[in-house]
Amino acid sequence: MIVSPKIRGFICTTSHPDGCAANVQEQINFVKAQPKIENGPKNVLVIGASAGYGLASRIVPAFGSGANTLGIFFEKPGSEKRPGSAGWYNTAAFEKAATADGLVAKSLNGDAFSHELKQQALDIIKNEMGGKVDLVVYSLASPRRTDPDTGEVFKSVLKTTGGDYTNKTLNTDKGEITEVTIGAASQEEIDDTVKVMGGADWELWINALADAGALADGVKTVAYSYIGPELTWPIYTDGTIGMAKKDCERACSAINAKLAETLGGAAYVSVNKALVTQASSAIPVVPLYISILYKEMKAKGIHEGCIEQIQRLMADRLYSEDLQLDDTGRIRVDDWEMRDDIQASIAESWQNISNDNFNQLADFEGYQADFLKLFGFGLDGVDYTADTDPTTAPASLS
C-alpha cells in the first residue's frame, strides 16, 4: 500500500508505518547521543505511551538508563485495506528497537480507565518486569472516560469557564489567521472535563499498583501539565482543561503524601513546553501561539521537541539533585518558553501579526512539519512513493 497524508482539520487520517519508525529512531538516536542518566529508572510504566510526550517518556528511560517499559494506550491497528494510527506504528518501532537492545518492552492496547486493563498491567509487571516499577508516567489524553465502577460516560470539552472569549487563531488547513470565539462551559461540562482529564484516574492507577505491591521503594510518578502565557489562559489555564490540570495537582498532593509515607517515594506535576501534538492541535488559539513561539525559540537556539523536553526532565530534574521546583511544588521544563525575552517578543508579534506578515512573524512551516511528523510524514530517508506494510504491529500485541 502507498500511504499519503490525508488531513482533516487538526487530524491526519492516515499514518505511514515506515515514517513513524523513522521518527521513533530519530528520537532514540538523540537519547543515545546524550550521557546516560545516572541512577535512572529501571522499570517504567507509561500510561498514554504511544505519541508525543508519552512516547518520549518511554524512549528516554529505555535508551537513557536501560529501563524495561510497559506502555498503555488506545490505538487503531492497521489492516491490509487501511493504515492504523500513528501510535500503533510508533509502538511497533519502539518495541523492535528496545528488544534489540535487550530490554523488556511490553504494551497494552485498550481502555486505560478500566479495572480490567489495570489488572492486565499488574500481571505483566509481576510476571515479566520483576514485580515492581520505579517510575510511573501519567500522560493520558482522551476525549472521554467511562467510569470503571458505574459505567457512566463523561466527555471533555474545550471551553472557557468565564464567558465568551474571542481572539486570533490559526486555520491550519489554509495557513490563515482568523478570529475565533469560544463559549463558556456549563458547570456540568466543567465537572465532566475534570472527570476525564483530571487526576482521578492517576490516583486509581497508583492505588492499584500500591495495593498489589507493585511499586518499588523510592518510586517516582509524574503527570504532565501546561500553563503558558496569559493570552492562552482563557482557553487553557482558566478554561475547562485548566480546571482538569488543577485537579491533577490536587491528586499529585494526595499521591505524594501516600508514597512518601509508605515507600519514600514522590509524585510530581511537570509543566512542559507548548509543542505540536495531537492534543494541542485541537485547542483554538494555541496553534497560532505555537507557530510564533517556534519562530522566537529557534531564533535564540533554545527550541526543543518532546524528546528534548523529556530528556531534560529526567536527566536534569527527576534524576538529579536539583528538581528546581516552583513555589507550588511543580517541576518546570517550560522555563525556556516562559523566559521574559521570549514572551515579550511573542506578545509584540501577537499584537502585530496578520495574514500579510504571518510568514515573517511565525514559523508555520515548522508547525506543519512537526504536525506531519506526528503521523510519519516528511521524514528523511523514507520513500513515500514505495509500498509499505500497513499490518506492521508491535511484537507484544501481534
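Colleague: How many nonpolar, polar and charged residues does the lining of the largest cavity have?

Modeller: Sort the residues by class first: Ala, Val, Leu, Ile, Met, Phe, Trp, Tyr, Cys and Pro are nonpolar, Asp, Glu, Lys and Arg are charged, and the others, Gly among them, are polar. In this predicted model, the lining of the largest cavity has 6 nonpolar, 2 polar and no charged residues. These are F113, Y138, L140, A141, S142, V196, M197 and G198.

Residues are numbered from 1 along each chain as its sequence is written, and side-chain values use heavy atoms, without hydrogens or water. Local features need pLDDT of at least 70 and side-chain atom pairs pLDDT 80 or more, while totals for chains, interfaces and linings use all residues.

Colleague: What volume does the largest cavity have?

Modeller: Rolling a probe the size of a water molecule over the atoms shows where empty space is left. On a 1 Å grid over the protein atoms alone, a cavity is a set of points where a 1.4 Å probe fits but cannot get out; a pocket is an open set with protein on both sides within 12 Å along at least five of seven lines, and lining residues have an atom within 4 Å of a point. The largest cavity has about 40 Å³, and the count of cavities of 30 Å³ or more is 1.

Colleague: Which residues lie nearest the centre of the second largest pocket?

Modeller: N23, Q27, G305, C306 and K373, out of 21 lining residues. The pocket holds about 430 Å³ of space, and its lining divides into 9 nonpolar, 6 polar and 6 charged residues.

Colleague: At what angle do α1 and α2 pack?

Modeller: Helix α1 (residues 17-32) and helix α2 (residues 52-65) pack at about 45°, with their axes 9 Å apart. That makes α1 oblique to α2, as angles under 35 degrees count as roughly parallel, over 145 as roughly antiparallel, 65 to 115 as roughly perpendicular and the rest as oblique. V24, Q27, I28, V31 and K32 of α1 make the contact (heavy atoms within 4.5 Å) with L55, A56, I59, V60, F63 and G64 of α2. By class, this contact has 8 nonpolar, 2 polar and 1 charged residues.

Colleague: How do α6 and α7 cross?

Modeller: The axes of α6 (residues 200-211) and α7 (residues 240-263) come within 8 Å and cross at roughly 15°. The two helices are therefore roughly parallel. Their contact divides into 10 nonpolar, 1 polar and 5 charged residues.

Methods: Axes fitted to C-alpha atoms, helices over the stretch in contact; angles between N-to-C directions. Helix = DSSP H or I, 4+ residues; strand = E, 2+ residues; numbered from the N terminus. Points joined across faces, edges and corners; volume = space filled by probe spheres on them.
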